[in-house]
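Please keep the sequence and the model in view while reading.

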Amino acid sequence: MDDFDLELDEMELIAVAAGYSYYNNVTSKPCRSLSPKQGCGFMTEVLNGHDHICREMFRMDKHVFHKLCDILRQRAMLRDTAGVMIEEQLGIFLNIIGHNERNRVIQERFQHSGETISRYFNNVLKAIKSLSREFLQPPPLTTPAEILSNQRFYPYFQDCIGVIDGMHIPAHVPAKDQSRFRNRRGVLSQNVLAACTFDLKFIFIYPGWEGSAADSRVLRAVLNDPDQNFPQIPEGKYYLVDSRYSNMEGFIAPYQGVRHHLHEFRGANQLPRNAKELFNHRHSSLRNAIQRSFQVLKTRFPILKVAPQYAFHIQRDIVIAACVMHNFIRREEEKDWLFSSVEGVKVDELPELDEQPEIQLVSSIQEQVAFSMRDSIAAAMWDNFINKWDDW
C-alpha cells in the first residue's frame with residue numbers, strides 16, 4: 001500500500017509538471033495567425049479596437065497604418081513570415097519609437113523573443129528609411145498657399161519656398177566622442193539640419209552632426225557637398241533662416257540688432273517701431289512653421305526626446321524614418337489629430353543654444369543681392385503698414 005501511494009504521488013507530480021509546462025508554452029507562444037485581424041492579444045486589440053487605441057499605440061490613424069503596410073508589402077520592402085505578419089512587424093517598430101519602449105517590454109507585449117524584436121525593428125527601420133527619396137521631396141516653386149492667402153506675407157514673401165533650422169536630438173555616444181556631442185546646454189545631442197514647407201512637410205533632413213556643431217557650419221557643409229543632394233534653389237527663390245545663419249543668396253535671415261523672436265513682441269511694446277522690426281516679426285511668424293513641424297514630430301515619436309541606447313547610426317536613421325512617416329501621415333490624413341493641434345498656433349522657439357548670431361560683412365555680389373532683397377521687402381512692408389495700416 002505504501003508503494004502504491006508513492007507511485008501515485010509521483011504521477012501527480014508528473015501531471016502537475018506537464019500542466020505547468022503546457023501553460024507556459026501557450027502563454028509565451030508568439031501569435032502565428034495568417035491574418036492580423038484574426039490574430040491574438042495586442043495586435044487584435046489595437047486593429048479591432050477603437051481608432052484612438054491605434055492612434056495611441058501606433059501614433060497614426062488605422063487607415064494610415066494599413067496604407068503603409070500595403071506599400072511595404074506591395075513593393076516587397078518587407079515580407080510576411082510564418083510567425084509575424086508585416087502589420088505586426090510595423091506595430092513593433094511604431095510601439096518602440098512612439099513610446100520609447102525597451103526591448104523587454106515589447107517582448108512581453110508582442111510575445112516574441114528579444115532577438116526577434118530586434119530583427120524586425122531593424123528590418124522596418126531600413127524599409128522606412130528607403131522611402132526617404134519618395135517622401136522627402138523638393139518644394140513646389142509656386143507661391144505657397146499659406147503665403148498667398150495672407151496679406152501679412154503676400155506679396156512680400158511670394159518667392160519664399162520653405163524654412164530651414166537646426167533641431168537638437170538627445171544622443172547616446174561613447175565616452176570618447178562625448179565632448180564633440182555636448183551642446184552648449186551641456187546635453188549630448190546630434191544636430192539635425194531640417195528644411196520644411198509651410199504645410200509642415202519636411203523637404204530635407206541631415207542628421208548625425210555632433211551637438212557642438214554650429215547650425216551655420218552644418219548648412220555650409222551640406223551646400224558644399226553635392227552628395228548630400230540638397231534641393232537646387234532656383235534663381236530668385238529662397239528659404240527663411242534664423243539669425244544663426246548668414247543672410248545670403250537663397251537664404252534670408254532676420255535683421256540683427258533688433259527684435260526678431262515672437263515673444264519679444266508681446267506685452268506693452270507689441271507694435272513694431274521701424275521697418276526692420278516689422279520685417280523680423282513677419283519673418284519669425286512665417287518661419288514658425290518649422291517649429292510646429294518639430295513639435296508634431298517629437299510629440300508623435302517621443303524617442304526623439306531622449307537618448308536611446310542604440311548604435312549612433314541607428315539613432316541617426318530613426319530621425320530620417322520618423323520624418324518620412326511624418327510626411328506620409330500628412331499626405332494621407334490632413335485631419336490628423338497632431339497636425340490639427342498646431343494649426344493657427346505659434347510655437348515658442350527654444351533659446352538659441354549653439355552660437356551667437358553670425359556676424360556678417362557684405363563681401364560678394366551674391367550677398368549684396370540678398371541684403372538688397374531683404375531691404376526692399378522690409379521697405380514695402382513698412383510703407384503699406386504706415387499708409388494702409390495693414391494687420392502687422
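A residue counts as buried when its relative accessible area is under 20%. Leu 297 has a relative accessibility of 0%, so Leu 297 is buried. The model discussed here is a predicted one.

**Leu 297 and the chain as a whole**

Leu 297 sits in helix α12, which covers residues 275–300. Which residues does Leu 297 contact, leaving aside its neighbours within four places in sequence? They are Met 167, Phe 202, Leu 304, Ala 322, Cys 323 and His 326. Cys 323 is 26 residues from Leu 297 along the chain, and their C-alpha atoms are 7.2 Å apart.

The chain holds 15 helices and 5 strands. It has 392 residues, and 51% of them count as buried. Take the contacts between residues at least 6 apart in sequence: 68% of these join residues at least 24 apart.

**The sheet**

The sheet is open and has 5 strands. Their order is β3-β2-β1-β4-β5, with mixed pairing. The edges are β3 (202–210) and β5 (251–252), each of which pairs on one side only. Helix α11 (residues 215–223) packs on this sheet. The helix touches β1, β2 (189–196), β3 and β5. Its direction makes about 115 degrees with that of β3.

| Strands | Sense | Bridges |
|---|---|---|
| β1 and β2 | antiparallel | 8 bridges |
| β2 and β3 | antiparallel | 6 bridges |
| β1 and β4 | parallel | 3 bridges |

Met 167 has Val 192 of β2 as its bridge partner. Leu 193 is partnered by Tyr 206 of β3. For Gly 162, the partner is Tyr 239 of β4. The hairpin of β2 and β3 has 5 residues between the strands. There, Leu 200 adopts a positive phi near 70 degrees.

**A helix pair**

Helices α5 (residues 86–99) and α6 (residues 103–110) pack at about 140 degrees. Their axes are 11 Å apart. The crossing of α5 past α6 is right-handed. From α5, the contact draws on Glu 88, Gly 91, Ile 92, Asn 95 and Ile 96. From α6, it draws on Ile 106, Arg 109 and Phe 110. By class, the contact residues are 4 nonpolar, 2 polar and 2 charged.

**Aromatic rings**

A pair of aromatic rings is described by the distance of the centres and the angle of the planes. With ring centres required to lie within 6.5 Å, the count comes to 17 aromatic pairs. Phe 42 and Phe 58 have ring centres 6.2 Å apart and planes at 75 degrees, so this pair is edge-to-face. Phe 42 belongs to helix α2 (residues 41–47) and Phe 58 to helix α3 (residues 51–58), so the pair ties together parts 16 residues apart in sequence. Phe 42 is buried at a relative accessible area of 14%. Phe 58 is buried at 0%.

Phe 58 also pairs with Phe 65. That pair is stacked, with 4.8 Å centre to centre and 20 degrees between the planes. Phe 58 and Phe 65 are both buried. Ring pairs join Phe 42, Phe 58, Phe 65 and Phe 110 into a cluster.

**Backbone details in the loops**

Where is Arg 59 found? Arg 59 is in the loop between α3 and α4 (62–74). Arg 59 is not a glycine, yet has a positive phi of about 65 degrees. Its relative accessibility is 8%, so Arg 59 counts as buried.

Gln 111, also not a glycine, has a positive phi of about 60 degrees. Gln 111 lies in the loop between α6 and α7 (114–129).

Tyr 154 and Pro 155 are joined by a cis peptide bond, with omega about 10 degrees. Pro 155 is placed in the loop between α9 (145–148) and β1.

Technical notes: Residues numbered from 1 in each chain as written. Predicted model: local features only at pLDDT ≥ 70, side-chain atom pairs only at ≥ 80, totals over all residues. Heavy atoms only, no water. Pairing = 2+ DSSP bridges. Helix = DSSP H or I, 4+ residues; strand = E, 2+ residues; numbered from the N terminus. Contact = heavy atoms within 4.5 Å. Axes fitted to C-alpha atoms, helices over the stretch in contact; angles between N-to-C directions. Left-handed = near helix turned anticlockwise from the far one by under 90°. Nonpolar A, V, L, I, M, F, W, Y, C, P; charged D, E, K, R; others polar. Phe/Tyr/Trp six-rings, centres within 6.5 Å; stacked < 30°, edge-to-face > 60°. Buried < 20%, exposed > 50% of the residue type's maximum accessible area, 1.4 Å probe, protein only.
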